[in-house]
Amino acid sequence: MKAFAVALLLMLATSVAFGIDSGDDFPDPVLQARYERLIHDLRCLVCQNESIADSNAGLAADLRREVREMLRAGKSDQEILAFMTDRYGDFVLFRPPFVARTWILWLAPALLLVAGAWIAARIVRQRQRLAREDADDSDLDAGSA
Amino acid sequence: MLRYLLPLGGLAVLVVFLFFGLHREPSIIPSPLIGKPAPPFSLPSVTDPSRQVTNATYRGRMYVLNVWGTWCVGCREEHSALLAIARTNVVPIVGLSWKDDRPLAIEWLKQLGDPYVECAFDADGRVAIDWGVYGAPETFLVDAQGRVIHKHIAPLTEAIWQRDFLPRIQAAAGTRP
């Protein structure tokens with residue numbers, strides 16, 4: 001029992017923060033926040049549904065190192081993202097730009113919403129008309145009776 | 001009538017998208033480098049670290065850049081094809097050893113044969129990033145003007161070489177000023 005308690009205590013004593021990112025934090029919290037945002041916005045190309053922040057692929061580590069170095073060198077977010085898209089294309093961005101090739105991607109939710117609203121409106125109107133016609137019919141029935 | 005046609009139309013659109021989706025390989029990402037100048041590099045040679053390998057050597061000539069690593073199964077798979085292509089002497093094949101262990105890379109070339117005119121050693125993967133490499137093996141074709149004209153992702157075979165590379169090499173050689 002005592003051994004169990006000790007084991008339990010030892011387990012609690014260990015750190016649970018096994019981060020993927022092994023680099024040091026930036027001393028400047030603003031820079032650290034920009035770094036965090038950038039690596040979450042960049043796709044890991046090896047394991048495509050992960051950001052380079054979440055991936056432990058070798059390439060993701062290399063790309064985090066590039067982002068880190070560019071931030072240290074005083075590059076802007078745009079410059080860093082441009083560095084990535086020049087090499088890997090828009091695919092590397094989790095938020096692709098609004099261009100001719102991607103407009104359908106961006107507008108599809110709105111278009112589907114409008115289409116859905118139109119269908120819903122039609123159905124509602126049809127039901128109302130049917131209900132009115134029923135009411136009219138029963139009026140007629142009442143009148144003739 | 002419309003209430004039957006609408007869902008049917010929606011289904012038809014979905015089927016068309018899914019059908020074309022079947023023939024797309026999501027792991028192959030088109031390179032933005034095609035038609036652009038090849039990123040310059042100068043790295044130590046795998047076999048002789050005191051010697052620099054640079055693509056400036058090939059100015060005015062076509063060349064192939066093959067990215068590989070001894071940790072890469074696909075590279076072992078394509079190696080015999082690379083050797084066969086190298087024997088045809090159509091264009092020089094430059095190697096880029098990506099994030100590898102130098103003794104292992106040297107051993108690999110000794111054991112399996114060396115298809116490369118020279119091979120650069122990219123220890124920290126920076127040149128690979130410049131070329132937009134994300135998974136070995138990758139093979140680039142660079143024309144005499146120093147522009148990347150084709151990129152093949154996944155193991156190369158002689159059939160792919162004949163289908164995708166040779167026609168481009170011939171076309172590029174024909175339009176040379």
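Trainee: How many bridges join E3 to E6 in chain B?
Mentor: This is a predicted model, and in it five bridges join strand E3 (residues 63-68) of chain B to strand E6 (residues 138-142) of chain B. The two strands run antiparallel.
Trainee: And which residue in E6(B) stands opposite B:Asn66?
Mentor: That's B:Thr139.
Trainee: What's the strand order in the open sheet of chain B?
Mentor: The order is E5-E4-E3-E6-E7, five strands with mixed pairing. Strand E5 (118-122) and strand E7 (148-153) of chain B are the edge strands, each pairing on one side only. From one strand to the next, the twist averages 20 degrees.
Trainee: Which helix lies across E6 and E7 of chain B?
Mentor: Helix H5 (residues 158-174) of chain B, running at about 175 degrees to E7(B).
Trainee: Switching to chain A: which residues of H3(A) are buried?
Mentor: A:Leu59, A:Ala60, A:Leu63, A:Arg64 and A:Val67. They cover an arc of only 140 degrees around the axis, so they sit on the same side of H3(A).
Trainee: What do they pack against?
Mentor: Helix H2 (29-41) and helix H4 (77-88) of chain A. On the other side of H3(A), A:Glu69 and A:Arg72 are exposed.
Trainee: Last one: how many residues does each chain bring to the contact?
Mentor: Chain A gives 13 residues and chain B gives 12 residues. H3 and H4 of chain A each supply at least two residues of the side of chain A that touches chain B. By class, that side has five nonpolar, four polar and four charged residues.

Technical notes:
Residues are numbered from 1 along each chain as its sequence is written. Chains are lettered from A and ligands numbered from 1 in the order in which they are written. This is a predicted model: local features need pLDDT of at least 70, side-chain atom pairs count only at pLDDT 80 or more; totals for chains, interfaces and linings use all residues. A residue is buried if 20 or more other C-beta atoms lie within 10 Å of its own, exposed if 12 or fewer, and partly exposed in between; C-beta atoms are placed from the backbone. Helices (H or I, at least four residues) and strands (E, at least two) are DSSP runs, numbered from the N terminus. The arc is that of the directions from the helix axis to the C-beta atoms. Two residues are in contact if their C-beta atoms, placed from the backbone, lie within 7 Å. Ala, Val, Leu, Ile, Met, Phe, Trp, Tyr, Cys and Pro count as nonpolar, Asp, Glu, Lys and Arg as charged, and the others, Gly among them, as polar. Two strands pair if DSSP finds at least two bridges between them. Axes are lines fitted to C-alpha atoms, for helices over the stretch in contact, and angles run from 0 to 180 degrees between N-to-C directions.
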